[in-house]
Amino acid sequence: RCENLVEIHSQLQQQVMAASTELGPDLLSRLLERFNEVLSSLVKSSFLVEKQPPQVLKTQTKFQASVRFLLGPQLLKAAPKPYMVRADMVTEKQARELELSNYSNTLSESTGEILHNTVALETNPTSGTCCANFKNVLLKKIKRCERKGSESVTEEKCAVLFSTNVTLTPNNISIHLQVLSLPIVVIVHGNQDNNAKATVLWDNAFSDIERVPFVVAERVPWEKMCDTLNLKFMAEVQTTKGLLKDHYFFLAQKIFNDYSASPEDFQSRHVSWAQFNKEILPGRGFTFWQWFDGVLDLTKRCLKSYWSDRLIMGFISKQYVCKQLSMEPDGTFLLRFSDSEIGGVTIAYVIRGKDGSSQVENIQPFSAKDLSIRSLGDRIRDLGQLRNLYPNIPKDKAFGSHYNKEQTGKD
């Protein structure tokens with residue numbers, strides 16, 4: 001524990017002072033200076049961000065954050081008044097300079113204007129904690145940096161720097177405490193949210209713990225990307241049913257635009273940031289992430305229970321659907337996420353003619369707005385041409401628990 005280390009430091013210092021005559025003035029001075037350096041390093045490392053600011057932060061929107069000083073209850077007991085903690089926006093370049101100086105430099109200029117950015121560092125006797133809670137902070141405006149090449153504003157990372165000066169008794173050592181938040185992407189409009197989330201997801205998933213702020217790899221193994229997409233999907237949708245091997249195969253075909261490779265071929269590949277959220281998918285007007293995030297949003301809002309019951313195949317190509325359904329009895333159907341629209345789910349079903357020929361039809365995709373008017377289960381019940389969920393489950397058995405009781409009478 002930090003408190004124990006401070007006590008050990010104090011005891012060692014007392015022992016050195018007791019032997020000051022034997023040590024001589026030069027050695028005593030060097031030892032005391034070294035003790036102060038060690039104490040300063042320990043104290044600085046105990047200043048932490050407890051509640052991170054939102055990593056996608058919109059200007060003119062209030063947010064909350066808190067920092068905690070682990071050694072505060074022990075070291076600041078005799079302070080005549082609370083110390084104040086300040087929050088400032090810093091650019092990636094400023095964060096890098098602070099890191100390189102081992103946080104010994106102080107911030108010269110804030111990169112944005114934050115309102116209500118100074119809060120007292122208070123000790124709570126009940127919990128024994130020492131925290132500064134920022135409850136109504138508001139980023140009024142942001143000063144943009146010069147960007148590299150084709151970099152967009154939603155690829156620009158900054159952070160909140162929390163800082164304060166404390167004086168430790170009995171030696172009156174003044175220490176400047178500062179700590180950086182996780183990387184933040186600042187947006188000014190809601191339509192930037194999607195791309196900002198992509199930057200944050202890539203940084204959180206693929207950056208090293210020990211790094212120069214906020215350097216992250218441009219290319220990552222496809223297997224790592226699969227793990228990231230799966231964790232993101234389960235967390236956003238709040239489901240225990242994650243993505244399957246067949247889903248990963250479809251997603252790989254989509255992001256690499258390669259429909260001839262085998263699942264094993266994709267395992268050794270690397271995917272780039274550009275493929276993830278800069279390059280437009282062939283024949284579409286959106287990137288891979290924009291499409292995937294649309295699926296996330298739709299599933300979270302309207303399809304959680306259907307997905308968790310494994311009633312939605314979801315991540316599957318139209319070509320594969322045709323191949324599978326063309327061999328099935330009339331009225332066999334399955335559900336897949338739309339390729340052509342962001343945030344759509346479509347129903348594919350087979351019609352079999354009297355001569356035995358088959359034709360696979362795809363119903364116009366349903367959006368979240370459509371499904372908020374009438375649920376997916378009720379729409380499936382409405383469609384008489386749908387009989388069995390692929391491979392062979394009667395639709396009332398598969399979706400019966402998702403049907404709503406129909407209102408009758410005057411209503």
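**Briefing: local geometry and helix packing**

With a relative accessibility of 55%, H116 counts as exposed (exposed means over 50% relative accessible area, buried under 20%, and partly exposed in between, with a 1.4 Å probe and protein chains only). The model is predicted, so local features need pLDDT of at least 70 and side-chain atom pairs count only at pLDDT 80 or more, while totals for chains, interfaces and linings use all residues. Residues are numbered from 1 along each chain as its sequence is written, and side-chain values use heavy atoms, with hydrogens and water left out. Helices (H or I, at least four residues) and strands (E, at least two) are DSSP runs numbered from the N terminus.

**Backbone geometry**

- Most residues other than glycine have a negative phi, and most peptide bonds are trans.
- H116 has a positive phi of about 55° although it is not a glycine; H116 lies in the loop between β5 (112-115) and β6 (118-124).
- R310, also not a glycine, has a positive phi of about 60° and sits in the loop between α11 (288-308) and α12 (318-325). R310 is partly exposed, at 34% relative accessible area.
- P213 and F214 are joined by a cis peptide bond with omega of about -15°, and F214 lies in the loop between α6 and β11 (219-221).
- Y390 and P391 are likewise joined by a cis peptide bond, with omega of about 5°; P391 is in the loop between β16 and β17 (393-394).

**Strand β16**

- N388 belongs to strand β16 (residues 388-389) and counts as buried at 18% relative accessibility.
- Apart from neighbours within four places in sequence, N388 is in contact (heavy atoms within 4.5 Å) with G331, T332, F333, I393, P394 and K395.

**Helix α5**

- The buried residues of α5 (residues 92-100) are E92, Q94, A95 and L98. Viewed down the axis of α5, they fall within an arc of 160° and so line one face of the helix (the arc is that of the directions from the helix axis to the C-beta atoms).
- The face of α5 turned away from this buried side carries the exposed residues K93 and L100.
- Cover for the buried residues of α5 includes β4 (83-91), β8 (158-168) and β9 (173-180).

**Packing of α6 and α7**

- Helices α6 (residues 193-206) and α7 (residues 222-237) pack at an angle of about 120°, with their axes 11 Å apart (axes are lines fitted to C-alpha atoms, for helices over the stretch in contact, and angles run from 0 to 180 degrees between N-to-C directions).
- The contact involves L201, W202, A205 and F206 of α6 and K224, M225, T228 and K232 of α7.
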